[in-house]
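Here is a short briefing on one protein chain. Look at the sequence and the structure first, then read the points by topic.

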Amino acid sequence: MDGQILNISPAVVWVIALSQLLTFALTIWNLLASGSRANARRLEDQAKVLVDHGNRIGSMEQSHRTMPSATDMHSVSLALEGIKGEIKAMRAEMSGDRGIMERLESIVGRHEVHLLGGSSR
């Protein structure tokens, strides 16, 4: 070798400059991409909410299908009216039975008094 000194200082300067440019570019990239990541996260949360709402609406539709219809309620109303009429008839019949029972109690009471010697002849 003839004693030349290897000068690498320009290469070091270029490596440092490229490193700084790469760091700056990554910083800009992260700033620009952070909004889209936040939006993606919010979209995932909203998708979960929509799935939950879909499940709730499905269960409400299922319970709505099993509810009685207007014709069913009308049939129940008519049946209740029929029962009300039968109860009125039973009440009238029972009031007649009550009169018979009162008369029977009176007769049995007189027989008791007579049999126990309550009558003096």
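I8 sits in the segment before α1. Helices here are DSSP runs of H or I with at least four residues, strands are runs of E with at least two, and both are numbered from the N terminus. This is a predicted model: local features need pLDDT of at least 70, side-chain atom pairs count only at pLDDT 80 or more, and totals for chains, interfaces and linings use all residues. Residues are numbered from 1 along each chain as its sequence is written, and side-chain values use heavy atoms, with hydrogens and water left out.

**The start of the chain**
- L6, I8, V12 and I16 make a nonpolar surface patch of about 410 Å².
- A patch takes residues with over 30% relative accessible area and no salt bridge; nonpolar side chains (Val, Leu, Ile, Met, Phe, Trp, Tyr) are joined within 5 Å, like charges within 9 Å.
- Q4 also lies in the segment before α1, a helix that covers 9-66.
- Q4 counts as exposed because its relative accessibility is 68%. The classes are buried (under 20% relative accessible area), exposed (over 50%) and partly exposed (in between), with a 1.4 Å probe and protein chains only.

**Overall shape**
- The protein chain has two helices and zero strands.
- Its C-alpha trace spans about 170 × 40 × 20 Å along the principal axes.
- The radius of gyration is 50 Å, whereas a compact globule of 121 residues would have one near 14 Å. That radius is taken over C-alpha atoms, and the globule rule is 2.2 Å times the number of residues to the power 0.38.
- Q4 and L104 are 100 residues apart in sequence, and their C-alpha atoms are 146 Å apart in space.

**Helix α1 and beyond**
- L50 belongs to helix α1. With a relative accessible area of 61%, L50 is exposed.
- From L50 to M67 is 17 residues along the chain and 26 Å between C-alpha atoms.

**Surface**
- Of the 121 residues, 2% count as buried.
- The protein chain exposes about 11500 Å², and carbon and sulfur atoms supply 65% of that area. Areas come from the Shrake-Rupley method with a 1.4 Å probe.

**Charges**
- There are 13 positive and 13 negative side chains, and the centres of the two sets lie 6 Å apart. Lys and Arg count as positive, Asp and Glu as negative; His and the chain ends are not counted.
- The count of salt bridges is one. The rule asks for a side-chain nitrogen of Lys or Arg within 4 Å of a carboxyl oxygen of Asp or Glu.
- E81 pairs with K84 in a salt bridge, with the closest N and O atoms 3.3 Å apart.
- E81 and K84 are separated by about one helical turn, because they are three residues apart in helix α2 (residues 70-115).
- E81 is partly exposed at 45% relative accessibility; K84 is partly exposed at 44%.

Terms used. The place of a charge is taken as NZ of Lys, CZ of Arg, CG of Asp or CD of Glu.
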